[in-house]
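User: I would like to learn how to read the features of a structure, one at a time. Please give the general idea first, then the case at hand.

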Amino acid sequence: MILTQDRAIPRVRGVPFDKRTFYPVFQPRTEIEQNNIIKLINKEREKENKNPITANQFNYITNQIVNALQAQE
């Protein structure tokens, strides 16, 4: 199976994806990048009248997703 890079993710040196699983899960490289992603998530959550998430919640959810995908392989 050939995986292509999402056009929404800029092409950068190195791999911006978590490699613990076959499925590419985007992993922010810096705290600034992570904060920008969380701002985008919270902006969408605000439209749905949901509470904002924190960096700790973002990391926890990302780890849970990767662990679940890893368990299915």
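Analyst: Start with burial. Buried means under 20% relative accessible area, exposed means over 50%, and partly exposed lies in between (1.4 Å probe, protein chains only). This is a predicted model, where local features need pLDDT of at least 70, side-chain atom pairs count only at pLDDT 80 or more, and totals for chains, interfaces and linings use all residues. Residues are numbered from 1 along each chain as its sequence is written, and side-chain values use heavy atoms, with hydrogens and water left out.

User: What pattern does the protein chain follow along the sequence?

Analyst: Helices (H or I, at least four residues) and strands (E, at least two) are DSSP runs, numbered from the N terminus. The protein chain has 2 helices and 2 strands. Their order along the sequence is β-β-α-α. Of the 73 residues in the chain, 22% are buried.

User: How do I check the length of H2?

Analyst: Take 1.5 Å times one less than the number of residues; that is the expected span of a helix. H2 has 18 residues, so it should span 26 Å. The C-alpha atoms at its ends are 26 Å apart, which agrees.

User: Which residues of H2 are buried?

Analyst: They are Phe58, Thr62, Val66 and Leu69. Seen down the axis of H2, these buried residues fall within an arc of 65 degrees, so they line one face of the helix. The arc is that of the directions from the helix axis to the C-beta atoms. On the other side of H2, Asn56, Tyr60 and Ala71 are exposed.

User: Why can residues three or four places apart in an α-helix point the same way?

Analyst: An α-helix has 3.6 residues a turn, so residues at that spacing point the same way.

User: Is Gln34 buried or exposed?

Analyst: Gln34 is buried, at a relative accessible area of 12%. It sits in helix H1. Leaving aside neighbours within four places in sequence, Gln34 is in contact with Pro28, Ala55, Phe58 and Asn59. Phe58 is also one of the buried residues of H2.

User: How many salt bridges are there?

Analyst: Side chains of opposite charge can pair when their charged atoms come close. The rule for a salt bridge is a side-chain nitrogen of Lys or Arg within 4 Å of a carboxyl oxygen of Asp or Glu. By this rule the count is 3. Glu33 pairs with Arg29, with the closest N and O atoms 2.6 Å apart. Here Glu33 is buried at 17% relative accessibility, while Arg29 is partly exposed at 40%.

User: Where do Lys47 and Glu44 lie?

Analyst: Both lie in helix H1, 3 residues apart, about one turn of the helix. Lys47 is exposed at 58%, and Glu44 is partly exposed at 41%. A further salt bridge joins Glu48 and Lys50, whose closest N and O atoms are 3.1 Å apart. Lys50 is partly exposed, at 43% relative accessibility.

User: Which loop holds Asn49?

Analyst: Asn49 is in the loop between helix H1 (31-47) and helix H2 (55-72). Check its backbone too. Asn49 has a positive phi of about 60 degrees although it is not a glycine. Asn49 is also exposed, with a relative accessible area of 74%.

Technical notes:
Contact means heavy atoms within 4.5 Å.
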